[in-house]
Amino acid sequence: MARPDEEEGVAVAPAYGIEKGYLPVPGDSPAGKMSAEQQNGPKAGCLTLNGVPRDSPAAASGARGRPQTQLVPEEETQVRLLPTVPGEETPGTEGSTVRRTALSTRRFVVLLIFSLYSLINAFQWIQYSIISNVFEGFYGVSLLHIDWLSMVYMLAYVPLIFPATWLLDTRGLRLTALLGSGLNCLGAWVKCGSVQKHLFWVTMLGQSLCSVAQVFILGLPSRIASVWFGPKEVSTACATAVLGNQLGTAVGFLLPPVLVPNTKNNTALLAYNISTMFYGTSAVATFLFILTVIAFKEKPQYPPSQAQAVLQDSPSEEYSYKKSIRNLFKNIPFVLLLVTYGIMTGAFYSVSTLLNQMILTYYKGEEVNAGRIGLTLVVAGMVGSILCGLWLDFTKTYKQTTLIVYVLSFFGMVVFTFTLDLGYIIIVFVTGGVLGFFMTGYLPLGFEFAVEITYPESEGTSSGLLNAAAQIFGILFTLAQGKLTSGYSPKAGNIFLCVWMFVGIILTALIKSDLRRHNINKGITNGDIKAVPVDSPTDQESITVMMSKQSESAI
């Protein structure tokens, strides 16, 4: 059941007939300019987006009765202009359809289901590392083997991200969600058969299946937010979707030390406790997979925003996954964000994986408190994620917020590093909470900032590349920090991360903020509309179309 988006004042919004390479211009307007004209009451203008070929019948019909200003032939433009006033129809090509934007109540169900099975996946990622000494003794392997149970998540993501994002872009949201939830469930059941001392390879197999499931999970938050939620709630929705994964990490820090205490003198009891944890996880994962099959839909009946309406109206056959990847890597601001996001998130992965070893170095026998410190770190980050999402929806200050959070994360890491060995574990709780608030709160910021500066490229592709960078940095940081921690001290490993985070601050400051999606949803009211060539998402060769003040007031 869909309802009009009353909050945004959009009940019925027109979609435009579009012709590639042409700008419809009112008869009394000079070429290269565009102003609104009065036709039967409403005022409107129209620009193009990946429309039909110039010589097609639709292009011909669109040319009747209105002069056309032809763009440079070699430039495929992605310029869009949104409806002027809610409920008005826009003069455009003949036969143009009227599209409606509305918010579906099902969006909350979709978001909840995704958040929950993402939670289970994150729980399975960290459940070994937080009690690494227990599994080391049970399976009779080295700590590096146990670390790889966490790092396999990062390792699997890098080669599989490209086929996964291709699948998301070409086969849709529902199939990707089913694969993520289904593989997560399968991996959980495989691990149930690994509760014997000589079956470490089985638990690695199950964990590997869960790591493949993660590939179909981590890139979905921004896609779900864009496809299902309106402009005034999209950042909050993305933050909530990311929050599910963070909550899973928090539960993974909290429950394993409680469910599987270190009973190394009683191997049978230890095996029973591990089995209880594995079977409980499998039951929950199975229930969530069934819910995904029943309730997770591809998209709502009506698009929730004008940005989505424009994308849905563009011909699907014109989409090229390879071209989209090339566009993203030609987008310098996105490349900078790719590196800075990888540094920050990779540092978080490394700290999470090695937290147990760092705590036990200075506080012997504190496995339970190590889990609680991890819980504090992630729960504080969940609060930070939601607050950052709300702040972005309210202010749209993407770069400023991202840079401030990055700087505060760096200072949090410095304080955590130099207070870890003071001998007061309560201080570690406080500094860990501060670190988590900013470091984990950064995660949805990166997703949403990427969508803004890369629109109209696929959210799944940009998010997937961000996560791939995070996994690569996560593996490198975990290996390097682990070596420094075991060879020297946890302080040496943490200083290593601090240096890299400082580099991330510098690169973040260099990112140019170009909020393309926000401009589309606002109707480009700033008076400048940039036609960006498909083959080059940068501004260097873009065509700028200036609207008159009368057109601004109409919008």
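Contact is taken here to mean heavy atoms within 4.5 Å. The structure described is a predicted model, and the contacts reported below are those present in its coordinates.

The protein chain comprises 555 residues, of which 60% are buried. Its secondary structure amounts to 20 helices and nine strands. Of the contacts that link residues at least 6 apart in sequence, 84% are between residues at least 24 apart.

The mean pLDDT of the protein chain is 75, with 73% of residues at 70 or more. Among the elements, helix H5 (residues 173-192) has the highest mean pLDDT, 94, whereas strand E9 (residues 543-547) has the lowest, 38. Two stretches call for caution. Across residues 1-96 the pLDDT remains under 50, although the model has 235 contacts beyond four places in sequence for this segment. Residues 525-555 likewise have a pLDDT below 50, and this stretch has 87 contacts in the model beyond near neighbours in sequence. Where pLDDT is low, the predicted coordinates should not be read in detail.

The packing of two helices was examined next. Two packed helices are described by the angle between their axes and the distance between the axes. For helix H2 (residues 106-126) and helix H9 (residues 267-295), the axes come within 10 Å and cross at roughly 155 degrees. Angles over 145 degrees count as roughly antiparallel, and H2 and H9 are therefore roughly antiparallel to each other. Their crossing is left-handed. On the H2 side, the contact is formed by Arg106, Val109, Val110, Ile113, Leu116, Tyr117, Ile120, Phe123 and Gln124. These residues meet Met277, Thr281, Val284, Ala285, Leu288, Leu291, Thr292 and Ala295 of H9. Classified by residue type, the contact of H2 with H9 contains 13 nonpolar, three polar and one charged residues.

Ile146 lies in helix H4 (residues 143-171). Buried residues are those under 20% relative accessible area; Ile146 has a relative accessible area of 0% and is therefore buried. Beyond residues up to four places away in sequence, Ile146 touches Tyr128, Ser129, Ser132, Phe135, Glu136, Val141 and Phe200. The C-alpha atoms of Ile146 and Asn133 are 8.6 Å apart, and the two residues are separated by 13 residues in sequence.

Definitions and conventions
Residues numbered from 1 in each chain as written. Predicted model: local features only at pLDDT ≥ 70, side-chain atom pairs only at ≥ 80, totals over all residues. Heavy atoms only, no water. pLDDT = per-residue confidence, 0-100. Helix = DSSP H or I, 4+ residues; strand = E, 2+ residues; numbered from the N terminus. Axes fitted to C-alpha atoms, helices over the stretch in contact; angles between N-to-C directions. Parallel < 35°, antiparallel > 145°, perpendicular 65-115°, else oblique. Left-handed = near helix turned anticlockwise from the far one by under 90°. Nonpolar A, V, L, I, M, F, W, Y, C, P; charged D, E, K, R; others polar. Buried < 20%, exposed > 50% of the residue type's maximum accessible area, 1.4 Å probe, protein only.
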